[in-house]
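Subject: Structure handover

Hello,

Here is the structure I promised to pass on. Please open it beside this email and follow along. My notes come after it.

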Amino acid sequence: MSRELLNQYAEASREFHNLVGGIASGDLLRAPTAGEWSAGFVVHHMADAEVQFATRFMNALAEVKPSIVPFNEEAYPDSLNYAKRSVKISQDTCSAIGAFIFSILENISEQDWGRVSLHPDLGEMSISDLLAKVISHYQAHIGQLKEIIESL
């Protein structure tokens with residue numbers, strides 16, 4: 001199960017980055033319609049999310065039942081200046097942290113996959129559960145990028 005999840009994570013990351021790489025730099029900040037995120041904003045969001053996810057994995061491995069602190073993704077675009085950030089830096093960050101997470105998880109024991117963290121809304125989440133959530137997150141934003149690409 002753990003190897004399958006890691007492979008799904010790697011594939012989702014690859015697909016995401018391939019989609020972003022196929023978007024012309026001039027189109028990265030074009031929102032499909034007013035009020036929606038551009039591809040660049042999606043990249044910034046994914047970089048920010050990977051930072052959050054990496055912290056969750058590290059805490060789950062190093063602490064006993066650590067609390068997961070949710071993040072307010074709706075506040076991030078303004079608070080973290082998405083409009084002024086470099087999409088390239090966010091894409092590189094997302095890619096590097098993804099490789100970092102993969103390198104940590106590919107080396108943990110089968111027993112460690114069951115280590116749990118406490119989510120305030122979802123309750124206990126194992127490392128396997130957390131990785132499945134990350135994969136689902138990638139897949140949702142892959143779908144979002146595909147819609148943005150179709151609208152360009």
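Start with one term: a residue counts as buried when its relative accessible area is under 20%, with a 1.4 Å probe and protein chains only. Keep in mind, too, that this is a predicted model.

**Aromatic pairs**

How many aromatic pairs does the structure hold? There are five. Two of them are described here.

Take Tyr9 and Tyr138. Their arrangement is edge-to-face, at 6.0 Å centre to centre and 70° between the planes. The pair joins distant parts of the chain. Tyr9 sits in helix H1, residues 2–21. Tyr138 belongs to helix H5, 129 residues away. By the cut-off above, both Tyr9 and Tyr138 are buried. A cluster forms here as well: Tyr9, Phe16 and Tyr138 make up one aromatic cluster.

Now Phe41 and Tyr82. Their ring centres are 5.4 Å apart and the planes stand at 90°, so this pair is edge-to-face. Again, distant parts of the chain are linked. Phe41 is in helix H2, while Tyr82 lies in the loop between helix H3 (76–79) and H4. The two are 41 residues apart. Is Tyr82 buried or exposed? Tyr82 has a relative accessible area of 0%, so it is buried.

**Helices H2 and H5**

Look next at H2 (residues 39–62) and H5 (residues 127–151). Their axes come within 11 Å and cross at roughly 175°. Angles over 145° count as roughly antiparallel, so H2 is roughly antiparallel to H5.

Which residues make the contact? On the H2 side they include Val42, Met46, Phe53 and Phe57. On the H5 side they include Leu130, Val134, Tyr138 and Leu145.

**Asp92**

One last residue. Asp92 is found in helix H4, residues 87–105. Its relative accessibility is 39%, so Asp92 counts as partly exposed. The side chain of Asp92 has a polar contact of 2.8 Å with the side chain of Lys88.

Best wishes

Methods
Residues numbered from 1 in each chain as written. Predicted model: local features only at pLDDT ≥ 70, side-chain atom pairs only at ≥ 80, totals over all residues. Heavy atoms only, no water. Axes fitted to C-alpha atoms, helices over the stretch in contact; angles between N-to-C directions. Helix = DSSP H or I, 4+ residues; strand = E, 2+ residues; numbered from the N terminus. Parallel < 35°, antiparallel > 145°, perpendicular 65-115°, else oblique. Contact = heavy atoms within 4.5 Å. Buried < 20%, exposed > 50% of the residue type's maximum accessible area, 1.4 Å probe, protein only. Polar contact = N/O pair within 3.5 Å; in protein donor to acceptor, adjacent residues only side chain to side chain. Phe/Tyr/Trp six-rings, centres within 6.5 Å; stacked < 30°, edge-to-face > 60°.
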